[in-house]
Amino acid sequence: MKPTLIGSGLLTVAACLCLKMPVLAATAADSELDFEVAVNATAEIAQAPENTYNAWGNECSNLVDQQRFSEAIAACDRAITLKPDYSLALTHRCMALLELDRYQDAVDSCRRALTGDGNWGDRTEASGWLKFGGSLIRFAAEKPNPNQAVPLLQQALLAFDKSLEIEPANPNTRQLRNELERLIQDLT
């Protein structure tokens with residue numbers, strides 16, 4: 001019996017692995033620091049004569065971290081208005097859209113990030129490919145049948161391959177890629 005895509009635990013796990021980057025346990029001091037960073041970013045935006053794209057990108061990142069996804073999208077959109085090819089803001093926008101179950105928009109935002117300016121903050125383009133693959137998996141999971149989902153999953157597999165080309169030593173990406181490949185084989 002072929003597995004069904006809807007309700008597949010692997011899809012959920014896969015999306016979480018590639019979209020939810022490891023987060024360190026927060027202490028009270030960390031929470032205060034995060035709040036201070038968010039306040040400073042907002043102050044930077046208010047003081048910047050031209051409302052720099054970096055300040056809006058920082059605000060977007062802070063709002064995603066605070067799980068204020070609609071506001072994060074608005075901040076990302078402002079950054080992207082100022083710099084349309086800003087990869088990091090487009091990636092944060094992708095993450096916020098996924099949290100609001102706007103999968104097609106998330107895929108589009110991640111795709112734009114990969115063709116953007118290459119500014120990934122403290123990460124590499126590998127994280128962009130990983131998030132793109134994860135967004136494709138989430139988009140595929142909402143498809144009613146495997147015939148519609150498999151092409152999206154195959155694109156996700158290619159995205160994971162690109163991520164591994166850049167960071168070949170990432171065991172989580174390799175494991176995720178192999179599990180996704182097995183799922184595609186089971187569905188076809």
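Q: What share of the contacts in the protein with a separation of 6 or more comes from residues 24 or more positions apart?
A: That's 61%. Keep in mind that this is a predicted model.

Q: OK, and how many helices and strands are there?
A: The protein has 9 helices and 0 strands. Read from the N terminus, the order is α-α-α-α-α-α-α-α-α.

Q: How much of the protein is buried?
A: Of the 188 residues, 44% are buried.

Q: Which residues have the most contacts inside the largest nonpolar core?
A: Those are Phe132, Leu153 and Leu180, in a core of 45 residues.

Q: Which elements give two or more residues to this core?
A: H3 and H4, then helix H5 (87-99), helix H6 (103-114) and helix H7 (125-141), plus H8 and H9.

Q: And where does the largest share of this core come from?
A: From H8, which gives 8 residues.

Q: Back to Phe132. What does it touch, not counting residues up to four places away in sequence?
A: Phe132 touches Val107, Cys110, Arg111, Leu114 and Ala159.

Q: Let's look at helix packing. At what angle do the axes of H8 and H9 cross?
A: Roughly 155°, and the axes come within 10 Å. For reference, H8 covers residues 146-166 and H9 covers residues 171-187. The two helices are therefore roughly antiparallel to each other.

Q: Is that crossing left-handed or right-handed?
A: The crossing of H8 and H9 is left-handed.

Q: Which residues make the contact?
A: On the H8 side you have Pro146, Val150, Leu153, Gln154, Ala156, Leu157, Phe160, Asp161, Ser163 and Leu164. H9 brings in Thr173, Arg174, Leu176, Arg177, Leu180, Glu181, Leu183, Ile184 and Leu187.

Q: How do those divide into nonpolar, polar and charged?
A: For the contact of H8 with H9, there are 12 nonpolar, 3 polar and 4 charged residues. Leu153 and Leu180 are among the contact residues, and both are also on the list of those with the most contacts inside the largest nonpolar core.

Q: Now the other pair. How far apart are the axes of H3 and H4?
A: They're 8 Å apart, and the helices pack at an angle of about 160°. H3 is residues 53-65 and H4 is residues 69-82. That angle is over 145°, so H3 and H4 count as roughly antiparallel to each other.

Q: Left-handed or right-handed for H3 and H4?
A: Left-handed.

Q: Which residues of H3 and H4 meet?
A: Tyr53, Trp56, Gly57, Glu59, Cys60, Leu63 and Val64 in H3 meet a set in H4 made up of Phe69, Glu71, Ala72, Ala75, Cys76, Arg78, Ala79 and Leu82. By class, the contact of H3 with H4 has 11 nonpolar residues, 1 polar and 3 charged.

Q: What is Phe69 in contact with, leaving aside its neighbours within four places in sequence?
A: Phe69 is in contact with Val64, Ala96, Glu99 and Leu100. Ala96 is 27 residues from Phe69 along the chain, and their C-alpha atoms are separated by 4.9 Å.

Q: Switching to Gly128. Where does it lie?
A: Gly128 lies in helix H7. At 3% relative accessibility, Gly128 is buried. Leaving aside neighbours within four places in sequence, Gly128 is in contact with Leu114 and Trp120.

Q: Last topic, the loops. What is phi of Gln67 near?
A: Near 60°, which is a positive value in a residue other than glycine. Most residues other than glycine have a negative phi. Gln67 is in the loop between H3 and H4, and Gln67 is exposed, with a relative accessible area of 61%.

Q: And what about phi of Asp101?
A: Phi of Asp101 is near 60° too, again positive in a residue other than glycine. Asp101 is in the loop between H5 and H6. With a relative accessible area of 48%, Asp101 is partly exposed.

Terms used. Residues are numbered from 1 along each chain as its sequence is written. This is a predicted model: local features need pLDDT of at least 70, side-chain atom pairs count only at pLDDT 80 or more; totals for chains, interfaces and linings use all residues. Side-chain values use heavy atoms; hydrogens and water are left out. Axes are lines fitted to C-alpha atoms, for helices over the stretch in contact, and angles run from 0 to 180 degrees between N-to-C directions. Helices (H or I, at least four residues) and strands (E, at least two) are DSSP runs, numbered from the N terminus. Angles under 35 degrees count as roughly parallel, over 145 as roughly antiparallel, 65 to 115 as roughly perpendicular and the rest as oblique. A crossing is left-handed if the near helix is turned anticlockwise from the far one by less than a right angle, and right-handed if clockwise. Contact means heavy atoms within 4.5 Å. Ala, Val, Leu, Ile, Met, Phe, Trp, Tyr, Cys and Pro count as nonpolar, Asp, Glu, Lys and Arg as charged, and the others, Gly among them, as polar. A nonpolar core is a set of buried Ala, Val, Leu, Ile, Met, Phe, Trp, Tyr and Cys residues joined through side-chain atoms within 4.5 Å. Buried means under 20% relative accessible area, exposed over 50%, partly exposed in between (1.4 Å probe, protein chains only).
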